[in-house]
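Thank you all for coming; I would like to take a few minutes to walk through one model with you, beginning with a ring and ending with a pocket. Please have a look at it first.

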Amino acid sequence: MTWLPALLLTLGCALAAPRVERQLEPADLETLIMKQAQTIDQLQNQLTAMQNDLDSVHQQLGTQDATVAFHARLTQKTPISPNTTLVLDKVDINQGDGYNNKTGEFTTPVSGLYLLVLKVSHTPPGEIHAQVQLNEGWHHNG
C-alpha cells in the first residue's frame, strides 16, 4: 500500500498549512460595494423589465384579475316598492368592481360561477317576497 503514505503526507500538509486571511483595503471594499450596487441595479432593471413583459402579456390576452367579490348592505330602513331595484348603500367589499352602488346592479366582470347570498329579515306582521333578476329572467322564492 504505497498510496497510504502519500495520502497521509497530503493530509498532514493540508492540516499543517496556516490559514491566511487577507484584509481588504478600503479601496478594495469600495470597489466590492460598487460592484454589488451595480449588480443590484441590474437585477432591479431585469425585474422591472419582466414585470412590464408580464403586464404586456396580460393586456394582450385580455386577462383580468379573476377574483370577484362584493359585500353590500342597507344601513337604514328603506321603503321598497314592488318591482324596484334595491340599492345597497354601504359597500364593504367590491373586488372586481362588479357592484354598482348607484344602480344596485351587479355585473359579472369575468365569466365564471358565482354564488349570490341574499339575507332578508323583517319585523312581523307582514310578508316578504324577494326576487333576483338574472339577465332577463326573474328568480324568486316566496
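This is a predicted model: local features need pLDDT of at least 70, side-chain atom pairs count only at pLDDT 80 or more; totals for chains, interfaces and linings use all residues.

Is Tyr114 buried, partly exposed or exposed? Tyr114 counts as partly exposed, because its relative accessibility is 31%, where buried means under 20% relative accessible area, exposed means over 50%, and partly exposed lies in between, with a 1.4 Å probe and protein chains only.

Residues are numbered from 1 along each chain as its sequence is written, and side-chain values use heavy atoms, with hydrogens and water left out.

As for the overall layout, the protein has 2 helices and 6 strands, and from the N terminus on the elements run α-α-β-β-β-β-β-β; helices here are DSSP runs of H or I with at least four residues, strands are runs of E with at least two, and both are numbered from the N terminus. Of the 142 residues, 5% count as buried. Among contacts, meaning heavy atoms within 4.5 Å, those between residues 24 or more positions apart make up 25% of the ones with a separation of 6 or more.

Let me return to the rings. The whole structure holds 3 aromatic pairs, where rings of Phe, Tyr and Trp (its six-membered ring) pair if their centres lie within 6.5 Å, and planes under 30 degrees apart count as stacked, over 60 as edge-to-face and the rest as tilted. Phe70 and Phe106 are a stacked pair, at 4.9 Å centre to centre and with 20° between the planes. This pair links distant parts of the chain, since Phe70 sits in strand S1 and Phe106 in strand S4, 36 residues apart. Phe106 also pairs with Tyr114, this time edge-to-face, at 5.8 Å centre to centre and 70° between the planes. Phe70 is partly exposed at a relative accessible area of 27%, and Phe106 is partly exposed at 31%. Taken together, ring pairs join Phe70, Tyr99, Phe106 and Tyr114 into a cluster.

Now to the backbone, and one residue to look at. Most residues other than glycine have a negative phi. Asp97, although not a glycine, has a positive phi of about 55°; Asp97 lies in the loop between strand S2 (90-95) and strand S3 (99-100), and it counts as exposed because its relative accessibility is 67%.

The largest pocket has a volume of about 2,300 Å³, and of the 49 residues that line it, the closest to its centre are Leu86, Leu88, Leu118, Gln131 and Val132. On a 1 Å grid over the protein atoms alone, a pocket is an open set of points where a 1.4 Å probe fits, with protein on both sides within 12 Å along at least five of seven lines, and lining residues have an atom within 4 Å of a point; the volume is the space filled by probe spheres set on the points, which are joined across faces, edges and corners. Strands S1 (69-73), S4 (105-106), S5 (130-134) and S6 (137-141) each supply at least two lining residues.

Leu118 is found in the loop between S4 and S5, and counts as exposed because its relative accessibility is 52%. Leaving aside neighbours within four places in sequence, Leu118 is in contact with Ala130 and Val132.
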